[in-house]
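Hello,

Here is the structure I promised to pass on. Please have a look at it first, and then read my notes below.

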Amino acid sequence: MLIVNGRRADLELEALHEISRVLSLSTDLNKAFTSTLTLVDLALGLENGTISLFDPVTGEVFVEAAPQMPDEDRILGRLRPGEGIIGRIFATGMPMVVPDIAEEPLFLNRTGTWRNLKEDPRAFVGVPLQDGRAVLGVLTADRPYRSGPTQLGRDVRFLTLVADLVAVRVRLSHLENPHRRAAQDVPAVEPSAERFPGIVGASAPLRDTLELIGRVAQSRATVLLRGESGTGKELIARAVHDASPRAERPFVTVNCAAIPETLLESELFGHEKGSFTGAAQAHVGRFEQADGGTLFLDEVAELSLAAQAKLLRAVQERQFERVGGKRTVTVDVRLVAATNRDMEEMVRQGAFRLDLYHRLSVIAVVVPPLRERRDDIPHLASHFLRVLNEENARHAELTAGAVDVLTRCRWTGNVRQLRNCLERLVVVTDADVLEPVHLPCQSPGGSTCLLERAAPPLVLEVGRPAERAPDPAPTSGPLLVAGAPREVDDRERVRAALERCGWVQAKAARALGMTVRQLGYRVRKYGIELHRL
Ligand SMILES: Nc1ncnc2c1ncn2[C@@H]1O[C@H](COP(=O)(O)OP(=O)(O)OP(=O)(O)O)[C@@H](O)[C@H]1O
Ligand SMILES: [Mg+2]
């Protein structure tokens with residue numbers, strides 16, 4: 001949701017976030033560009049926005065989107081490179097600011113947009129859509145003449161960021177349609193789940209996400225996967241790699257929350273022999289391991305500010321030095337990052353660097369929560385049940401009633417929680433036919449769904465009473481062990497340390513040899529209830 005009152009920096013950030021969402025979600029370029037320009041106007045008051053693209057067939061720059069311009073005017077806006085202001089920006093690849101349009105000889109007003117410059121003098125800003133050295137088009141907007149130079153300077157910087165996002169989107173559509181000159185009739189790429197064999201589900205929101213993944217996979221653009229915990233971001237990161245031309249090269253994961261601060265630099269960039277105590281051998285870091293392939297920066301928002309500063313250059317230039325080394329290493333790595341945190345809020349609070357945020361979120365892909373794609377639940381349930389039956393030598397089946405209950409659950413822990421719920425059922429319940437009553441959330445006396453305990457109390461949006469009295473269902477803690485042994489060990493280790501340390505997080509973090517942030521991450525992830533003494 002766009003904030004309409006607030007500081008300019010906040011508005012810019014909010015608008016950029018919304019624009020990157022619009023550009024990545026929409027399959028229709030013209031609509032995406034129209035929304036982008038509307039957002040630019042709403043947030044910053046930059047009016048009469050236009051996005052023009054180069055047409056290699058006619059050799060002209062044409063207006064692709066201009067929400068405030070009638071279509072018949074838009075069609076007139078075709079210029080040769082170098083002609084008029086837009087043609088000049090296109091030919092030079094340089095931004096242009098015109099404080100008073102009426103005074104500018106290059107100004108042609110071929111579209112007739114500005115009919116009343118005497119009463120309503122305007123200042124004009126235009127920036128190129130740059131893809132490396134190539135210029136793909138031009139983005140322009142204007143505002144009332146009285147705007148001072150500081151304001152216009154900020155407009156150029158902001159519009160350049162918007163133009164970068166737009167250029168990535170244009171390039172992606174060129175990649176899939178090299179023979180098409182204009183974007184407006186680009187057909188949607190055939191979706192979706194069939195192209196990604198490990199990913200189960202065919203709901204419209206998931207298909208949209210996968211379609212976008214299919215597009216971006218072809219480029220080297222950095223992708224930021226957003227979405228709640230357990231929605232499948234890690235799975236999708238892998239899918240980006242597998243669908244890319246880099247599929248045969250390494251896919252390397254770094255869990256930014258799991259690596260202790262002191263080791264992070266050496267983990268990412270490697271170290272030379274003897275560079276610090278304990279560095280008996282030279283070590284190749286994850287960036288180098290991923291050379292030619294993909295580096296997945298999981299839980300990227302958990303990085304400390306110091307770590308973010310170290311990462312920035314490598315993300316920007318794909319260059320770094322090993323710890324204790326002098327030689328600059330250059331790698332060819334495609335970056336995918338993921339987070340379930342509100343990064344915009346973190347940027348606002350100074351917990352995440354704005355520059356790194358922009359570098360990482362070139363293409364933001366939102367993985368929708370499970371409750372927004374309930375059509376996937378029956379498919380996922382039957383998929384997990386098949387796998388779990390095999391693992392546990394069982395033949396359990398879900399009744400239609402049980403599937404119905406699963407389909408209505410809120411699944412605050414998303415797909416991971418669904419899997420854990422089913423695993424618990426398969427391991428704990430002797431019955432081969434699993435009915436609603438076997439589900440922990442359906443037992444009398446409130447929720448016994450352990451995974452929901454730390455979440456808001458309502459488990460079912462539409463409650464369904466149990467159809468008959470339940471079997472005495474064992475519901476105590478250790479049953480969770482069946483879920484994910486490694487996670488449970490870690491959870492218990494963290495919980496026990498907190499208990500030993502009187503629930504003082506700083507103390508427990510020291511005892512565990514991790515930072516308070518890393519501990520906090522685990523507390524949230526495992527839903528550990530913090531007791532107050
Ligand atoms: N569409 C899907 N099809 C099959 N399995 C899925 C799907 N989505 C998620 N999963 C499974 O659900 C579990 C959680 O997914 P994943 O680890 O990718 O979540 P995440 O978004 O990275 O969560 P977090 O933010 O907590 O790290 C994994 O076991 C994953 O394999
Ligand atoms: Mg994850």
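A polar contact here is a pair of N or O atoms within 3.5 Å. Keep in mind that the model is predicted. On the nitrogen side, a nitrogen atom of ligand 1 lies 2.9 Å from a backbone N or O atom of Val200.

How much of ligand 1 does the protein cover? On its own the ligand has 630 Å² of accessible area, and the protein covers 88% of that.

Now to the surroundings. The shell around ligand 1 holds 17 residues, and the closest are Val200, Ser229, Gly230, Lys233 and Arg416. By class, six are nonpolar, six polar and five charged. Helix H7 (233-242), helix H13 (376-392) and helix H15 (414-428) are the elements that give two or more residues to this shell. H7 provides the largest share, with three residues.

Counting pairs of cysteine sulfur atoms within 2.5 Å, the model has zero disulfides. Are Cys409 and Cys421 buried or exposed? Cys409 has a relative accessible area of 4% and Cys421 one of 8%; the limit for buried is under 20%, so Cys409 and Cys421 are both buried.

Best wishes

Terms used:
Residues are numbered from 1 along each chain as its sequence is written. Chains are lettered from A and ligands numbered from 1 in the order in which they are written. This is a predicted model: local features need pLDDT of at least 70, side-chain atom pairs count only at pLDDT 80 or more; totals for chains, interfaces and linings use all residues. Side-chain values use heavy atoms; hydrogens and water are left out. A residue is near a molecule or strand if one of its heavy atoms lies within 4 Å of it. A polar contact is a pair of N or O atoms within 3.5 Å; within protein, one must be able to donate a hydrogen and the other to accept it, and residues adjacent in sequence count only if both atoms are side-chain atoms. Accessible areas come from the Shrake-Rupley method with a 1.4 Å probe; for residues, only the protein chains shown count as cover. Helices (H or I, at least four residues) and strands (E, at least two) are DSSP runs, numbered from the N terminus. Ala, Val, Leu, Ile, Met, Phe, Trp, Tyr, Cys and Pro count as nonpolar, Asp, Glu, Lys and Arg as charged, and the others, Gly among them, as polar. Buried means under 20% relative accessible area, exposed over 50%, partly exposed in between (1.4 Å probe, protein chains only).
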